[in-house]
Amino acid sequence: MRGPAVAAAALAGALLLAGCGSEDSGPDAGADLSVGSAYMPQPVSDSMAAGFLTVTNEGDAEDELTSVTSDAGQVSMHETANGTMKETDSLPVPAHGRLVLESGGNHLMFEKLKHRPKQGETVSVELHFAHSGPVTVEIPVKAATYRPTAEHSGH
C-alpha cells in the first residue's frame, strides 16, 4: 500500500508546483531571472577589471542584485549617476524589466584579482539576489577595446 500513497503524494506535489507558474498566481508569483550579454574587457591592470551583463526579469515581482562573488577576486557593484561612480549595496531588477550593467553606467568592479584574465578565458561569478536563488554566470573575456553592438547590450 505504500507505493500508491507515495505516488499520490508525488502527484499532489506536482500539481501544486504546476500551479505556481500560472498567470493567476497573483502578486507573489516572483521574479523570473535570466542573464545574458556578459563580458569583461581584458584588464589592463594586474589587480582590477570591470564586468558587464544584463539581468532580465520576465516575472511579476521585482528583485534586487545584492552581491556578486567570484574566485577571481573581490567583486563590488558600482552605479554611475551624473558621471560619478560609487559603490552600492544593491541594484534593482524591475518586474518585466532589465538591470543593464554597461560601460559608462552601472557595472561590476573586480579588485584584488588573483591573476589577470586574458582574452578568450572566462571568469565565473555568482550573482546573489534578495529574493531569487543565486545565478552562476561564465563571463567571457573580450579584447580590451571590445564594445558590444546595440543587440548585445540589452537595449
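Two residues are in contact when heavy atoms of theirs lie within 4.5 Å. With that in mind I opened this predicted model and began with the contacts between residues at least 6 apart in sequence, of which 69% join residues at least 24 apart.

**Entry 1, the overall inventory.** I went through the elements of the protein and noted one helix and ten strands; read from the N terminus on, the order is α-β-β-β-β-β-β-β-β-β-β. I then looked up burial and found that, of the 155 residues, 33% count as buried. The accessible surface comes to about 9200 Å², and carbon and sulfur atoms account for 53% of that area.

**Entry 2, strand β8.** I asked myself which strands are joined to β8 by bridges. On one hand, strand β2, residues 48-57, runs antiparallel to β8 and is joined to it by four bridges, and I noted that Gly51 has Leu108 as its bridge partner in β8. On the other hand, strand β4, residues 74-81, also runs antiparallel to β8, here with five bridges, and Ser76 has Met109 as its bridge partner in β8. Why is β8 largely enclosed by the rest of the structure? I looked at strand β8, residues 107-111, and wrote down that four of its five residues are buried, so the strand is largely enclosed.

Is Pro134 buried or exposed? Its relative accessibility is 53%, and because exposed means over 50%, Pro134 counts as exposed. Leaving aside neighbours within four places in sequence, I found Pro134 in contact with Glu126, Leu127 and His128. I also noted the separation between the C-alpha atoms of Pro134 and Leu65, which is 9.6 Å, although these two residues are 69 residues apart along the chain.

Note on methods. Residues numbered from 1 in each chain as written. Predicted model: local features only at pLDDT ≥ 70, side-chain atom pairs only at ≥ 80, totals over all residues. Heavy atoms only, no water. Buried < 20%, exposed > 50% of the residue type's maximum accessible area, 1.4 Å probe, protein only. Pairing = 2+ DSSP bridges. Areas by Shrake-Rupley, 256 points an atom, 1.4 Å probe, with all protein chains shown as cover.
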